Amino acid sequence: MPRLWRLTLTGLKRYDGTMALSDKYGREIRDLRLSLTDRCNFRCFYCLPTGKPALARKETILTFEEIFRVSSIFVSLGIEKIRLTGGEPLIRRDVPLLVEKLATLKPQLKDIALTTNGYDFPRFAEALKQAGLDRVTLSLDSLRRERFKEITGVDALDRALAAIDAAKSLGFEPVKVNAVIVRGRNDDELADFARFARERDVTMRFIEFMPLDSEQSWTREAMVSGAEMRDRISEVFPLELKETKRGAGTSWKYAFADGAPGGIGIIAPVTDMFCGQCSRVRLTADGQIRTCLFSEREHDLRSLLRSGADDEQIVAFIESCVYQKEASHRINDPDFVQPLRTMSFIGG
Ligand code: SAM
Ligand code: SF4
């Protein structure tokens with residue numbers, strides 16, 4: 001365990017739970033997103049290309065021992081939430097074992113969450129719950145079988161729905177369901193998704209399409225803004241803003257005005273950016289620290305880890321990476337350049 005008191009780039013710090021990692025803009029970093037793999041059994045058009053993507057070499061992917069070591073150091077530096085993502089995290093069959101190890105970092109670690117496309121979730125759900133998983137977010141981009149297949153490349157709507165049922169029946173609360181809304185592809189289902197949220201008592205979260213797709217097909221016209229999504233849902237099911245602050249700094253949360261169960265979240269990173277409140281740092285499956293989804297550079301933690309570095313050296317490295325976190329993404333700047341790595345590599 002590294003020393004509690006440290007002279008850091010932002011002054012003398014005591015990592016005792018009240019102080020956390022922080023960047024040069026004073027933002028506290030409490031949220032670690034771990035990509036477990038860059039591989040995926042789906043080929044969502046807004047994320048991965050059809051065919052064979054260029055994947056990281058197997059030996060560069062961090063082992064669970066390495067992930068646990070890094071996670072425990074991050075937690076000692078004030079990280080409170082860890083989200084396991086990918087690629088499709090459940091491609092690594094022993095994720096429950098990793099969750100069990102991470103759960104030993106509680107109570108300093110307050111929350112272990114998973115984002116999954118749901119394909120394999122039902123068969124791991126119970127083991128994940130028992131291992132200490134607190135929350136799960138599932139993806140669902142269409143409620144129509146043919147369209148689901150067109151979007152993801154896999155005829156698996158039934159499995160995605162079964163995953164939502166499994167999450168509900170095991171008592172994961174709240175069950176959040178993500179849909180990336182793209183004009184002309186699934187925006188005509190906004191009201192259907194809202195109806196689904198009411199009927200199944202889940203939180204449907206609508207995400208603006210971001211320029212992180214491997215085909216580089218993102219256009220501003222294809223993106224449906226958060227405000228448009230909200231207004232189109234409200235025309236059918238009037239919404240009430242639940243909190244005046246964004247949940248976890250990213251989503252505007254709405255309840256149905258008629259008191260129906262379920263809820264709506266709107267995540268608008270392009271048109272209503274939340275970078276000023278960002279508390280996230282990411283670690284890619286091949287051990288690169290990314291301080292923003294749209295970072296132009298990565299920090300090679302894997303090489304340091306594998307060079308025999310001690311905890312103190314790793315702490316110093318993490319602090320200096322976090323310190324350099326970007327002020328904001330630059331999607332709306334005229335000279336914006338889309339990152340080379342797509343969402344599936346970075347970890348959404
Ligand atoms: N495979 C898992 C899944 O799909 O839930 C976890 C990884 S996925 C990259 C995490 C989230 O990122 C998903 O909800 C997905 O819809 C979202 N995502 C991927 N590409 C995106 C893009 N270009 N714009 C917005 N969201 C995107
Ligand atoms: Fe796979 Fe998730 Fe990307 Fe879809 S969004 S291709 S399920 S990583």
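Tutor: Let us start with strand β10 (residues 203-208), which is mostly covered, since 5 of its 6 residues are buried; buried means under 20% relative accessible area, exposed over 50%, and partly exposed in between, with a 1.4 Å probe and protein chains only. Strands (E, at least two residues) and helices (H or I, at least four) are DSSP runs numbered from the N terminus. The model is predicted, so to speak of a local feature requires pLDDT of at least 70 and side-chain atom pairs count only at pLDDT 80 or more, while totals for chains, interfaces and linings use all residues. Residues are numbered from 1 along each chain as its sequence is written, chains are lettered from A and ligands numbered from 1 in the order in which they are written, and side-chain values use heavy atoms, leaving out hydrogens and water.

On one side, β10 runs parallel to strand β9 (residues 176-181), and 6 bridges join the two; strands are said to pair if DSSP finds at least two bridges between them. Within this pairing V177 stands opposite M204 of β10. The chain passes from β9 through helix α6 (residues 190-200) to β10, and this β-α-β crossover is right-handed, a term that applies if, with the strands pointing away from the viewer, the path from the first strand over the helix to the second runs clockwise. Between α6 and β10 there is a loop that holds D201, which has a positive phi of about 55° although it is not a glycine; for comparison, most residues other than glycine have a negative phi. D201 counts as partly exposed because its relative accessibility is 38%.

Strand β12 (residues 251-256) pairs with β13 in the antiparallel sense over 4 bridges, with S251 opposite I267. In the hairpin of β12 and β13, which has 6 residues between the strands, G259 takes a positive phi near 80°.

These pairings belong to an open sheet of 12 strands with mixed pairing, in the order β11-β12-β13-β10-β9-β8-β7-β6-β5-β14-β15-β16. Its edge strands, each of which pairs on one side only, are β11 (239-241) and β16 (299-300). Elsewhere in that order, strand β14 (residues 280-283) and strand β15 (residues 288-290) pair in the antiparallel sense over 2 bridges, and L283 has I289 as its bridge partner in β15.

The ligand can be described next. Ligand 1 is surrounded by 18 residues, the closest being Y46, G87, S139, V180 and M210, where a residue is near if one of its heavy atoms lies within 4 Å. Several polar contacts can be listed, a polar contact being a pair of N or O atoms within 3.5 Å; within protein, one must be able to donate a hydrogen and the other to accept it, and residues adjacent in sequence count only if both atoms are side-chain atoms. A polar backbone atom of Y46 is 2.8 Å from a nitrogen atom of ligand 1, and a backbone N or O atom of M210 lies 2.9 Å from a nitrogen atom of the ligand. N178 contributes a polar side-chain atom, 3.1 Å from an oxygen atom of ligand 1.

Finally, consider helix α2 (residues 95-103), in which V95, P96, L98, V99 and L102 are buried. They lie on the same side of α2 because they cover an arc of only 155° around the axis, the arc being that of the directions from the helix axis to the C-beta atoms. Their cover includes α1, β6 (81-85), β7 (111-116) and α3 (121-131). V99 itself is buried, because its relative accessible area is 1%, and V99 touches L84, I112, L128, A131, G132 and L133, not counting residues up to four places away in sequence, with contact meaning heavy atoms within 4.5 Å.
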